[in-house]
Amino acid sequence: MLNPSPSRIAAAVERSLARLGRDPSLVLQHLIALQQTFSFVPPAGIDRLVAALGVTRAQILAAIDFYAFLHLAPRGDYDILFSDNITDRMLGNGRLMTQLCQLLGMSPGSTRADGLVSVGLTSCTGMCDQAPAMLVNGLALTRLDDARIRRIAALVDTRVPLPHWPQAFFAVSNNVHRPGLLLSDLEPRDAGLAALRQQGPDAVLAEIERAGLRGRGGAGFTTALKWRFCREAAHPEKVVVCNADEGEPGTFKDRVLLTSYADLVFEGMTLCAGIIGAREGFLYLRGEYRYLLEHLEAVLQRRREQGLLGQGMADTGTDFDIRIHLGAGAYICGEESALIESLEGKRGVTRKRPPFPVTEGYLERPTVVNNVETFLAAARIAEHGGYWFRSEGTDRSAGSKILSVSGDCERPGIYEYPFGTSIARVLGDCGAQRTQAVQVSGAAGATLGVDEFQRVLAFEDLPTAGSFMVFDDSRDLMEMVRNFADFFVHESCGFCTPCRVGGKLLRDLVEKVAARKASRHDLDEMRRIADVMRRASHCGLGHTAPNHVLNTLDKFPQIYASRLASADHTPAFDLDAALAEARALTGRDDVGAHIAADVGC
Amino acid sequence: MDTRVRPKLRVATTSLAGCFGCHMSLLDIDERLIDLVELVELDRTPLTDIKTIGDCDLGLIEGGVGNAENVEVLRTFRHHCKVLVAVGACAVNGGIPAMRNSFALSDCLEEAYIDGVGLYNQGIPNDPELPLLLSQVHPIHEVVKVDYFLPGCPPSADAIWTFLTELLAGKPIGFPYTQIHYD
Amino acid sequence: MAEHSTFRLDGRPIPFAPGQTIMDAALAAGAYIPHLCHHPEFAPHGSCRVCVVCADGREVSACTAPAAKDMEVESQSESIRALRVSILQMLFVEGNHVCPACEKSGACQLQAVAYDCGMLEPHFTHFFPRRAVDASHPDVILDYNRCILCELCVRASRDQDGKRVFAISGRGIGSRLIVDSPTGRLGDSRFAITDKAAHVCPVGAILPRRGGYRVPIGERLYDRAPISRVGDVAANEEA
């Protein structure tokens, strides 16, 4: 969509301003709206937002440059992004992308000359149980295969509008294979809110405390304590935020919870609001799940009409409402303080701590940020009581954990287990065979070999946000390492030196190993860089980004050793390739125009 | 100083993509050169004009790696020297020659041989005798293993003296504050 | 007045007031912890990580970590020194820091901290990024090659000058400083040489014109004594 007219742009900005408001914190939401309308953020739109919101042009440009789904130059009318998690790669996303590009007469990572279509890659879109997957203009397509790719190419070339594409392409299955404590009871009853009304916030908070509920995002902070800190913070305006920026590669359970259990999630948020005394709530929804937006808005609207949100909600004497903010392609926004920055319309850069969000969060107000699953669990605990929840799990990890299982297994999908369940049990249930490794808790998590399959999922052994990726013995784990190393370079926010620079140095060395050009010295260098990232990074992303390298160096050394050059030291770059430009400029190709490998003297 | 007679250490030096300023600074140790020649004998170096290198204890490399010949010379030094030292900013981080890395090689060559003022008989030279340029200038540790680094543009004569005497004495090398600088 | 509590920095007792960071208390007590993005006039930032210390067994940035009673803080141990050198080396290979060709050399905080930490070489593989020089402003050169993303100019322009001339754009290794003006050039912005932001750059990225090489080599800020004794560039500029 080249050169939209100034009047169209002006109208689009006015529409967005009227719909969302003029607070500077809304700038990101306006930019997302313009991107969706025009396939880019037109300069005239930037001018208008600068004037309307009182933000600087630089702040807007900085945000567009930060978020992967915002663009200064037009994308194609069909903007196609293939999900590029390792599980997508294992199912052939690269081949399918090449095929699509051949059919469309273009190269990957570009926009076709006629502006009709762009094709590229994006980080995990949360469809690993029905991969390979893609996003078309932000909407998820699943179960890609040769036939679908051919059909998609034809739909694009004949300019069939997206709403007229086969609905089956957009079907997203829940794939719940093992419901447990939480998932076996679908019925929203708002019984937790009833408990809040009848017993009061102190009693409900006490139940959540009794339950021993810990945050389900992976870090495992005690939920009741977080809520209590926030409640006791001095500032009177509290905020509840649900972190639905489920970006950890290989996790997709929040997608299912928001699809089929949204009422319970919103109930949990409302409970939290009642307990801490918040009037303002946000659901921060990752851009990849935009297809859920309409559904979620409808649920919120129904709950308002039921008196469960909005003025005097749930007869608790407080007003509480929830707004949905969209993300725009930034894994780091799953970190709570980066998420808050993003809610405020800024680049998603993690904040320093202290202060913690519970005392100074969104707009410096005390803010509870919890995972989707945590709010859902809180709602059920309010209904059934703390002992009900404690009846499962271990002493230090009460209750259940919902896993997103993907990779080499017969039945990828959602599995809910009591904490304390072994890796082997999960592998057996999902039909995994000849498994050589499991990646627990995503790219930032732990790589486990066969001798660790008796270890258990629990905060005290293997803490997890739920991602569970299975690799059978046909897989080359170096491909996993390459995928994750790339992922962290792409997703580092860039704030601190170790993660920003170290991540790229580490990725470059991984590629050097993969290209069979590295020496043992380079493996020592990888450990050195990883050590700096782990010890000195500003936030958890940098601390955990080198885990996959360190884990595989320790547990799967053969994937490195089998690729090492025999020399003690090898050049940092390809010497002969570095002469290619000069060869082309001089037309030379004689012996002296090449550098052979160093074979000693 | 230990007065027992020891075999002299064999030392080679070269300048790759550099300006010979580091060699000048070496000569700037002045009368200490007399002490130095008691301790070392020179192998291949621009100071002796010896063109081929034999087995050496110590190789001092000035300059970065900017062309195919630099790579060849550097590799030869690495093979023949027990200890290899990056001497000066260019060897340590590419230095001034690496400022061309901000431009495409074609822009550099076209400016020098085609578009520059006052040129005649324009054309990028393609004689096989000439070493081809690498697309970028690199510090030497990006090509071979380097044992010691002596920064400075050039390292001062005092810094070079500290380095050589402590190395030759087999001591860990510790520079006084004023001897470490990158410019 | 309540008695000050103390913590120990490399064994030395350092008094601190409630709310003070390890850095604030150390500097107030005349103890130096190397740093680049920290400036006492601005809120702690914690991005460069050069001030990393080990506090009760955990690595933290001294500029953001609150001091705590009886805390044991290591700053000069070999382990922390080596970690700090690695971080500095990362900064050196990320940009284009050609000290022999830089007017700021000798009075550059990046260089001075690296001297102080005993860094002899950049160690890692250089990125040699292609970055521009913006010479559009009559009083200042903006050389992006030297920017280390400390955000001091961003903070100074926003918090003291009230202009918001600078911002950090992009993400990850693509992060970069940008200027708020219709063209993106400094000369077309509201930036002025009298701004605080013109005088806080620890490196030679924001360089006032007409001052180059005024101080002879040998007499520059860090030529004779280390930054641990001389203090920050910005503090000396104002003095």
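Let me start with a pair of helices in chain A of this predicted model: helix α19, covering residues 497-514 of chain A, and helix α20, covering residues 520-536 of chain A, pack at an angle of about 155°, and their axes lie 9 Å apart. Since angles over 145 degrees count as roughly antiparallel, α19(A) and α20(A) are therefore described as roughly antiparallel to each other, and their crossing is left-handed.

If you want to find this contact on the screen, look on the α19(A) side for P498(A), C499(A), G502(A), G503(A), L505(A), L506(A), L509(A), K512(A) and V513(A). From α20(A), the partners are D522(A), E525(A), M526(A), I529(A), A530(A), V532(A), M533(A) and A536(A). Sorted by class, the residues of this contact come to twelve nonpolar, two polar and three charged.

Now to chain B, whose secondary structure comprises six helices and seven strands, and whose elements, read from the N terminus on, follow the order β-α-α-β-β-β-α-β-α-α-β-β-α. The C-alpha trace of chain B spans about 60 × 35 × 30 Å along its principal axes, and of the 183 residues in chain B, 45% are buried. If we take the contacts in chain B between residues at least 6 apart in sequence, 78% of them join residues that are at least 24 apart.

Chain B also touches chain C, with 22 residues of chain B in contact with 18 residues of chain C. On the chain B side, the element that gives the most is helix α4 (residues 89-93), with three residues, and the residues of that side divide into 13 nonpolar, seven polar and two charged.

Finally, chain C itself has a domain assignment that gives domain 1 (5-76) and domain 2 (83-211), and the centres of these two domains of chain C, taken over C-alpha atoms, are separated by 25 Å. Their contact takes eleven residues from domain 1 of chain C and 19 residues from domain 2 of chain C. On the domain 1 side of that contact in chain C, seven residues are nonpolar, three are polar and one is charged.

Note on methods. Residues are numbered from 1 along each chain as its sequence is written. Chains are lettered from A and ligands numbered from 1 in the order in which they are written. This is a predicted model: local features need pLDDT of at least 70, side-chain atom pairs count only at pLDDT 80 or more; totals for chains, interfaces and linings use all residues. Axes are lines fitted to C-alpha atoms, for helices over the stretch in contact, and angles run from 0 to 180 degrees between N-to-C directions. Helices (H or I, at least four residues) and strands (E, at least two) are DSSP runs, numbered from the N terminus. Angles under 35 degrees count as roughly parallel, over 145 as roughly antiparallel, 65 to 115 as roughly perpendicular and the rest as oblique. A crossing is left-handed if the near helix is turned anticlockwise from the far one by less than a right angle, and right-handed if clockwise. Two residues are in contact if their C-beta atoms, placed from the backbone, lie within 7 Å. Ala, Val, Leu, Ile, Met, Phe, Trp, Tyr, Cys and Pro count as nonpolar, Asp, Glu, Lys and Arg as charged, and the others, Gly among them, as polar. Domain bounds come from an automatic or database domain assignment. A residue is buried if 20 or more other C-beta atoms lie within 10 Å of its own, exposed if 12 or fewer, and partly exposed in between; C-beta atoms are placed from the backbone.
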